[in-house]
Amino acid sequence: MELKIPDLCLVVLVGASGSGKSTFARRHFLPTQVLSSDYFRGLVSDDENDQSASAAAFDVLHYVAGKRLEAGKVTVVDATNVQAPDRAKLIEVAKKANVLPVAIVLDTPTDVCLKRNAQRPDRDFGAHVVKRHRSALQRSLKYLGKEGFKRVHVLRSESDVDSATIVYERLLNDLRHETGPFDVIGDVHGCRAELEELLTDLGYQVQRDDEGRAVDAIPPGSRKAVFVGDLVDRGPDTPGVLRLVMGMVGNGHALSVRGNHEEKLVRALRGHKVTVQHGLEKSLEQLAHESEEFRRAATKFCDGLVAHYVLDGGNLVVAHAGLPERYHGRASAKVRSFALYGDTTGETDEYGMPVRLPWANDYRGNAMVLYGHVLVPEAEWINNTMCLETGVVFGGKLTALRYPEKELVSVKAHEVWYANDRPLETLVVQREPDVLALSDVTGLRRIETSLLGAVTIRAEQSASALEVMSRFAINPHDLLYLPPTMAPTATSQRDDVLEHPDEAFAEYRAAGVAQVICEEKHMGSRAVLLVRKEGGAIYTRTGRAFFDGALGDELLDRVRGAAKPLFDEFSTDWLLIDAELMPWNAKASGLIREQYAAVGAAAGGALPVAVEALEAAKARGIDVTDLLARTAQRSANAAAYRAAYERYCWPTDGLEGVRIAPFQLLAVEGRTFHDRSHLWHLETLSRLEGPLFQQTRHLVVDTADPAAGVRWWEELTEAGGEGMVVKPLANLGGRVQPGVKVRGREYLRIIYGPDYTSPENLSRLRKRSLGRKRGLALREYALGIEALERVARGEPLWRVHECVFGVLALESEPVDPRL
Amino acid sequence: MTTTHQPATDLGHLLHKHPDRAQSFTTSSGVAHVFYPKATNEECTVALLLEVDPIALVRGPGSTLTQYVNDRPYAAGSLLTVALGSVFRTAMNGRSESYPELANTPIPLVIRIPALPHRLADRLFTPLGWTVEITEHGERHGDVTLTGTVRLSDALKHLYVLLPVLDGGKHYWVAADEVDKLLKAGDGWLSQHPDKELITTRYLARKRPLITSALERLADVDEVEPEELDNALTEPKISLAAQRKEAVIKALKQAGAQRVLDLGCGGGALLRELVKDPGFTEIHGVDVSAKALQEAARKLHLDRLDDRRRERITLRQSALTYADTALAGYDAAVLMEVVEHVDPSRLPALEHSVFTVARPRTVLVTTPNVEYNPLFETLPEGQLRHSDHRFEWTRAEFQEWADGVAERRNYTVSYVPIGPEDADRGAPTQMAVFTSKGGKN
């Protein structure tokens, strides 16, 4: 005996104690698929037969069943389930997860049950219990279908039970084996002429009957048309559209899901009482001229349409009003209703139309979802979904999307077929701003990157970043990238410095990098420049706008003006550039005043006076020689400290004095450049001309013979430079540091304090540990590149934002800020 | 410190430090050196030089740059005070076995402190009989000279108490015995000082914990002051706060709201009022600042609240610029003094989160009415009420925004003034009451 059940369902076994449910379940299902009430009683009470633990046991059982069904796992409940209220709870669990409940009844005769129980010492509860189960079961049998079980299998004898086999059937909406390619066509609404034209444009050959009526269209190659529903109503020739589509579907040339208009038309044609409005009157009138036979066929066709299809191995979902991921391939009244009507609030607007929720904004699924129903001015992507209802019947156009090519094809309406009782623009659903969900960024996250595989962001890191991101960062729409942190080179063992280029060159040589580029480090503030043909942003390492209001706009205008050659060369509407913005005090003035200037002033005030006093004491013949020497040295260090930070500050007035040193072209429309040599980047960006821009001095060094590089660093830092950054010339990624900084001896006074160069201080500071910083640098770099690649591929904003947010989250990690 | 009391070298006796020797003492804040640049019968100068180990000064993960490199090793502050109290303890107590009379006599003294945070120096030292001269090194530090005729022990006590007070921060945790130290060192002069409250508060002020929050580390990355980022806890201290809460609760009651969202709850000022009323059966406070939520939990005494009240309260971190489905299904949402902390460019995202995703039946939004600002006497002209306010709206501007929201999101809106109303300028706070047009949540 074959028991057919859907390949995703909740199987409820029904039978008296001793009817053989557990044996049956063991034979046909995996142990993990079977949830037995005995087992759960044991779980909560240490005693499988403790009936007083039943309530708690079923609570847990229902919870586990819900989780399994949510995950799309067939689940079998092994309990007597002879009482309707017990079954109702299970049906509720199934409905909540939008899967079908199925009942398999083991109607084993009472004497067999009693015999079996007698063989089990733990079941000493007597015959009356089994008899009670049996009579409850008998009373239930004929109501199981009504209770909501989609299939009911009854096994009436021991031999039925023994011979039963389970056969899985796919759901009606499961067309994963249909791999296309497809031409997905938006709402037709009775516009037959436009449909014929569109099909022809798509390469279909329209077939006609003796009367010249279109009855089929033969697709080019192995393609297939997929209609998103609402074939009918409002337009001039609903019967003609139905005739054509019915022919195509019947001949395997097309698929169609059901729209809300088909739903209502069927009800009207079957004689149910419906309000005839919104174009239904047109269909009914037109169909009245058709033969009874055609009307019957049309009714049957429309009534047979499924509410949504899952196609191409699960990569494509078509539903009339769209469908969130949790409903894909599921079956319930709720899923059906969503597919037909969308997510409505239950409210209506001033025109009496339902207020709709923009489900696509929240869509985060992998499958592409194509739908219609909601009027849009242009078909456009929102989070891997696209609405194809471009209003042909209202004088707009009929649109198709070629899948998997993602090409749009459309034909204009021949005329306005249906005048609306409200202005057209109010029908168009306003596109929301790019909406990001809290769940896109919070909690423990694993972000897949092309360079490093999965990068993990801990929940507390996300929490810190959330505050900074939401209170201070610019609009995520413009925040496409955040620069990674950069580790310093390994600590030098020389007795006079903390950092020296030798270690940087040695590190890359050991990693097999033959050539590196040394770039002068500009002591300013890191700036990312998103330059759009209109708009854009210049922002800091944590995503804050550099300059507020008009000043920011003006700076952006100047960059945009200079970037004309780049816009042309890359034929793009935007450029994303990594740069340093000088002077340092343009952004950090508060910090410099409160921190660096204060230290300099205090040291400069105290130490010379101390030296003076010590000299006076020495002149009196007091032995203060050592203390005097030390203090004089500290006084000199303090002067050097002041000189070090003052070098990087100069007065600015508005944008006067501001300079930008661009060093990497991160991305343009459709492309990233992180695999290009750094020379290419510097050369390309050198075309940004004008007093605003500062070139970055650089030198290519052979890691086998780095002497020239060392000399260059010495010259740079002796002249007061901050130092340099050493990067693999070819711009590698992965496990090799994307760059290390080698900072000058004097510059590091700002970071480590005026007296860091004294031998006893240096020897302690040398114990600094770089591991964490280096790990962060790699992960942040990988996240940054991943963000750029996602931008270039045109992925939804949330996918880009996830990476950008990840960089900020990692930056909240406590590492030694002096590194 | 110089005296012209004659014989001037008696200063060495009073201090118990010989004028012809240089001495060093190890103290908990560093090595203190005492020597005499001048020691004649007419004039004697003693110098105290504290060598601080800057690298040992700060330890621990999560320290910010500010804690690594700062003015501690150079400026006179609590570190110097510790050295002073240790090296000159006997003199400070006014005890001198050999010169008891001199120790008890005011003598002419000149004290030079070459790097001292000087802002309050004049104000605090002058009432104690000192003439104060300041040569500024910059905004914060100055070379300060005090001239006066004062008992040596009093002079040392003045320094002991006032150096850290001027500095405004102590380098160590303030323990209970600090009060005793203050009372002892302030004996005989502090109680008469016109600024005794200021001195007491600042002397006992807690320094920020050494282990800083992630937020401060991020501020470090961006090279801004942590205070610029961390202002979620500061509530504007205007008497309006109580009236605002009252008006909000009244509006919630009128709307029949039982399940209420406090969006941007901060330290929980409104939550504490809501909890008192059992009519609010579910109270869900969210804020973007984890620190603010901790503060709210602490002030609500969540850990020792009885189950019935505890179960009514949920505190969660969330951000109104992100869509948060956990906020859906409530009767009402309150945004009390929140929108003005959001950049105008981010308001559409907030609008979506609140009015479409959360979509409670009632939404209350309060915000300052900028027209009223000139009536605040202490508020400088043109300045906003809080440094983090991204804007403050006129009544017309607020209504333009709120009317637009209502139209776009299918709500009706009415306006309620909060606080004393001025005929021309309106009330200091304005509130919009949004009501969903549909009957359902």
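**A pair of strands in chain A**

Reply: In chain A, strand β1 (residues 2-6) and strand β7 (residues 165-169) run parallel and are joined by 5 bridges. These positions belong to a predicted model. Within this pairing, A:Pro6 has A:Glu169 of β7(A) as its bridge partner. Of the 5 residues of β7(A), the number buried is 0, so the strand lies largely in the open. As a general point, the side chains of a regular strand alternate between the two faces of the sheet.

Domain 1 of chain A covers residues 2-169. The division of chain A continues with domain 2 (181-427), domain 3 (440-487 + 770-819), domain 4 (491-522 + 697-767), domain 5 (524-583 + 659-695) and domain 6 (588-646). The C-alpha centres of domain 3 and domain 6 of chain A are 42 Å apart.

Another feature of chain A is found at A:Asn98, in the loop between α4 (84-96) and β5 (100-106). This residue is not a glycine, yet its phi is positive, near 60°. A residue counts as buried if 20 or more other C-beta atoms lie within 10 Å of its own. A:Asn98 has 21 such atoms within 10 Å, and is therefore buried.

Two peptide bonds in chain A also deserve attention. The bond from A:Tyr403 to A:Pro404 is cis, with omega near 10°, and A:Pro404 lies in the loop between β21 (397-403) and β22 (407-412). A cis bond also joins A:Met582 and A:Pro583, where omega is about 0°. A:Pro583 is placed in the loop between β29 (574-582) and α21 (585-619) of chain A.

Chain B has 18 helices and 14 strands, and 47% of its 441 residues count as buried. It is divided into domain 1 (2-204) and domain 2 (240-436), and 50 Å separate the C-alpha centres of these two domains of chain B. In helix α14 (residues 269-276) of chain B, the residues B:Leu270, B:Leu271, B:Leu274 and B:Val275 are buried. Seen down the axis of α14(B), the buried residues fall within an arc of 135°, so they line one face of the helix. An α-helix has 3.6 residues a turn, so residues three or four places apart point the same way.

Finally, B:Glu337 lies in the loop between β11 (332-336) and α17 (347-358) of chain B. B:Glu337 is not a glycine, but its phi is positive, about 50°. It counts as buried because it has 23 C-beta neighbours inside 10 Å.

Terms used:
Residues are numbered from 1 along each chain as its sequence is written. Chains are lettered from A and ligands numbered from 1 in the order in which they are written. This is a predicted model: local features need pLDDT of at least 70, side-chain atom pairs count only at pLDDT 80 or more; totals for chains, interfaces and linings use all residues. A residue is buried if 20 or more other C-beta atoms lie within 10 Å of its own, exposed if 12 or fewer, and partly exposed in between; C-beta atoms are placed from the backbone. Helices (H or I, at least four residues) and strands (E, at least two) are DSSP runs, numbered from the N terminus. The arc is that of the directions from the helix axis to the C-beta atoms. Domain bounds come from an automatic or database domain assignment. Two strands pair if DSSP finds at least two bridges between them.
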